[in-house]
Amino acid sequence: MTIDPAHAPFDGLAGLYAVGALNADDRRAFEEHIELCRGCVDEVMSLLPVAHVLTRAVPYHDPPPRLRARVIQAITGAPPAAPVDDLPLQRPSDPIDKPRQQGGGVGRALFNLAAVLCLVAAGGLGWYASQQVNLARALEENLDAANQRAILAELQVATAQQVARESSQRADILAAGDLVTMTLAGQPAAPDASARIHWSADHGAVLTATGLPPVPAGQTYHLWFVPAASPVSGGPLALDDGDAGRIFAAVQAPDGVTVPVPMAVTLEPDVVGEAPSGEVYLLGRPN
């Protein structure tokens, strides 16, 4: 068992402290020590019942009058005021029983010491409990931070995997042997915009666009396939990050559309209806 060097000077002092046998300096040092030492607090608390019993272990006896006179003379240096034999013998039942009060004062002093010790021990235990609460709170905060980092890492991994899948899909489309490319020209709402649809019957389609204006709040660009007289939704199109008005997105052809057909890009509300309602920004037809 390893003994803490800082604890060694206080080893064995708990018993002396419990019965009030330490001098002022040692008592002060020990009281500072038990504010930080749970082991000494537990030991002192276990000795409190013993100290309490010791205050009542020896019954009280009236001191002989001559002994009382000699003690008073030794303390004050003055001769007794009356012959020793004439000193009244007082009983514990007398209201002004000085010897009894002195003996009771020792008991009260030990009782007060025990009470102070209880308060000191309670303070030490309170400090210890407070430290445990602070430690638990710090561990909880660290655990929350670790969980948040783990969730963020999972989201980052999922995003990276999604980007990798989309990039692989786009690469497959652009490398397909049956690739067909169709150009979409900018309309009066966006004369500097242009786009291309790269179409593969086996792998799908990819749209690339540049020069599109920023999207107002509450609206989005939307792709439409026009295989006949009625346009069919091809889904929303999100601008890439930045202010160049670029789009690079894989698109899903509607059911039944298997060959290049006319396509358009419009600006629609976030909640899109079954048919385009906004202004046309890009329009293209197969060659």
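Student: What makes N287 count as exposed or buried here?

Tutor: Keep in mind that this is a predicted model. The relative accessible area of N287 is 96%, and exposed means over 50%, so N287 is exposed.

Student: Where does N287 sit in the chain?

Tutor: You'll find N287 in the segment after β8. Its C-alpha atom is separated by 7.3 Å from that of M182, a residue 105 positions away along the chain.

Student: How do you know whether C37 and C40 are buried or exposed?

Tutor: Buried means under 20% relative accessible area. C37 has 14%, so C37 counts as buried. C40 has 2%, so C40 is buried as well.

Student: How many aromatic pairs does the model have?

Tutor: The count comes to 3. One of them is F10 with F30.

Student: What makes the F10 and F30 pair stacked, tilted or edge-to-face?

Tutor: The ring centres are 6.4 Å apart, and the limit for a pair is within 6.5 Å. The planes stand at 50°. Stacked needs under 30 degrees and edge-to-face over 60, so this pair is tilted. It also links distant parts of the chain: F10 belongs to the segment before α1, while F30 is in helix α2, 20 residues apart.

Student: Why does the Y221 and Y281 pair get the name it has?

Tutor: Their ring centres lie 5.4 Å apart and the planes are at 75°. Since edge-to-face means over 60 degrees, the pair is edge-to-face.

Student: What does the Y221 and Y281 pair tie together?

Tutor: Y221 lies in strand β4 and Y281 in strand β8, so the pair ties together parts 60 residues apart in sequence.

Student: Why are Y221 and Y281 put down as buried?

Tutor: With the limit at under 20%, Y221 at 0% counts as buried, and Y281 at 11% counts as buried.

Note on methods: Residues numbered from 1 in each chain as written. Predicted model: local features only at pLDDT ≥ 70, side-chain atom pairs only at ≥ 80, totals over all residues. Heavy atoms only, no water. Buried < 20%, exposed > 50% of the residue type's maximum accessible area, 1.4 Å probe, protein only. Phe/Tyr/Trp six-rings, centres within 6.5 Å; stacked < 30°, edge-to-face > 60°. Helix = DSSP H or I, 4+ residues; strand = E, 2+ residues; numbered from the N terminus.
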